[in-house]
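Q: I have a structure open here and have not looked at it before. Could you walk me through it?

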Amino acid sequence: MYEKMDNTLSNITHDETSSKDLVDEFEAAFQACYSSLVNQDHVNIIDKAEIQNTVDQCLQKFLDVGHQLEIFFLQKRLVLSVNKPDHVATEDNGELRIELERKNMQIQRHQTTVRRWSSILDDLSRKVPIVPPLPYQRGGMPPMDPTGRTLSMEYPTSMGRR
């Protein structure tokens, strides 16, 4: 029984150490990427291929360590889901509640926007006549202003109309 506890404690200690090492390695890789981009030594180097190669190596190292860190956390998540499935279900339930709340807020924003635009359209429809007056055509009704008076359509004689 004590051996099992000792194994569990050593595994936890080993996991904590390896996670700290991975996080430290990840941070060092990021700093190497950043320093390779702002390094003053690149000013004196004429060969752009050498600069590109250095930056590519740093970025690849950063991506590799990031992938290892992701795998580490996914493994921890898997162990947690096997050992405590109720914890995972509770966590998923909380995430779903947050997502539902976010979507409800988005629906409310859309409804507010629709109400505002609907109000604007209602105001415009009250101010502008629904059917615009048609131009005067021979044999048709003469154009009228909004009060209902007939508008005169007099053409200058210079345009050739009689």
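## Confidence and overall layout

A: Let us begin with a caution, since this is a predicted model: over residues 1-10 the pLDDT stays under 50, and for these residues the model has zero contacts beyond four places in sequence.

Q: Okay, and what is the mean pLDDT of the protein?

A: The mean pLDDT of the protein is 78, and 65% of its residues reach 70 or more.

Q: Where is confidence lowest, and where is it highest?

A: Confidence is lowest in helix α2, which covers residues 41-44 and has a mean of 62, whereas it is highest in helix α4, residues 85-127, where the mean is 93.

Q: How many helices and strands are there?

A: The protein has four helices and zero strands, and reading along the sequence gives the pattern α-α-α-α.

Q: What share of the residues is buried?

A: Of the 162 residues of the protein, 9% count as buried. As for contacts in the protein with a separation of 6 or more, 46% of them are between residues 24 or more positions apart.

Q: Switching to packing: at what angle do α3 and α4 pack?

A: Helix α3, which spans residues 48-83, packs with α4 at an angle of about 110°, and their axes are 5 Å apart. Angles of 65 to 115 degrees count as roughly perpendicular, and α3 and α4 are therefore described as roughly perpendicular to each other.

Q: Which residues of α3 and α4 meet there?

A: On the α3 side they are Arg77, Leu80, Ser81, Val82 and Asn83, and these meet Pro85, His87, Val88, Glu91 and Asp92 in α4. Sorted by class, this contact of α3 with α4 has four nonpolar, three polar and three charged residues.

Q: New topic, then: how many aromatic pairs does the structure hold?

A: The structure holds three aromatic pairs. One of them is formed by Phe30 and Phe62, and this pair is tilted, with 5.9 Å centre to centre and 50° between the planes.

Q: Which parts does that pair of Phe30 and Phe62 tie together?

A: Phe30 lies in helix α1 (residues 2-38) and Phe62 lies in helix α3, so the pair ties together parts that are 32 residues apart in sequence. Ring pairs also link Phe26, Phe30 and Phe62 into a cluster.

Q: And what about Phe72 and Phe73, how far apart are the centres of their rings?

A: The centres of the rings of Phe72 and Phe73 are 5.5 Å apart and the planes are at 75°, so this pair is edge-to-face.

Q: Is Phe72 buried or exposed?

A: Phe72 is buried, at a relative accessible area of 11%, while Phe73 is partly exposed, at a relative accessible area of 47%.

Q: Going back to α1, is Leu37 buried or exposed?

A: Leu37, which is found in helix α1, counts as exposed, because its relative accessibility is 59% and the cut-off for exposed is over 50%. Leu37 and Ile51 are 14 residues apart along the chain, and their C-alpha atoms are separated by 8.9 Å.

Q: Last one: where is Gln60 placed?

A: Gln60 has its place in helix α3, and at 42% relative accessibility Gln60 counts as partly exposed. Between the C-alpha atoms of Gln60 and Cys33, which are 27 residues apart along the chain, the separation is 9.3 Å.

Terms used. Residues numbered from 1 in each chain as written. Predicted model: local features only at pLDDT ≥ 70, side-chain atom pairs only at ≥ 80, totals over all residues. Heavy atoms only, no water. pLDDT = per-residue confidence, 0-100. Helix = DSSP H or I, 4+ residues; strand = E, 2+ residues; numbered from the N terminus. Contact = heavy atoms within 4.5 Å. Axes fitted to C-alpha atoms, helices over the stretch in contact; angles between N-to-C directions. Parallel < 35°, antiparallel > 145°, perpendicular 65-115°, else oblique. Nonpolar A, V, L, I, M, F, W, Y, C, P; charged D, E, K, R; others polar. Phe/Tyr/Trp six-rings, centres within 6.5 Å; stacked < 30°, edge-to-face > 60°. Buried < 20%, exposed > 50% of the residue type's maximum accessible area, 1.4 Å probe, protein only.
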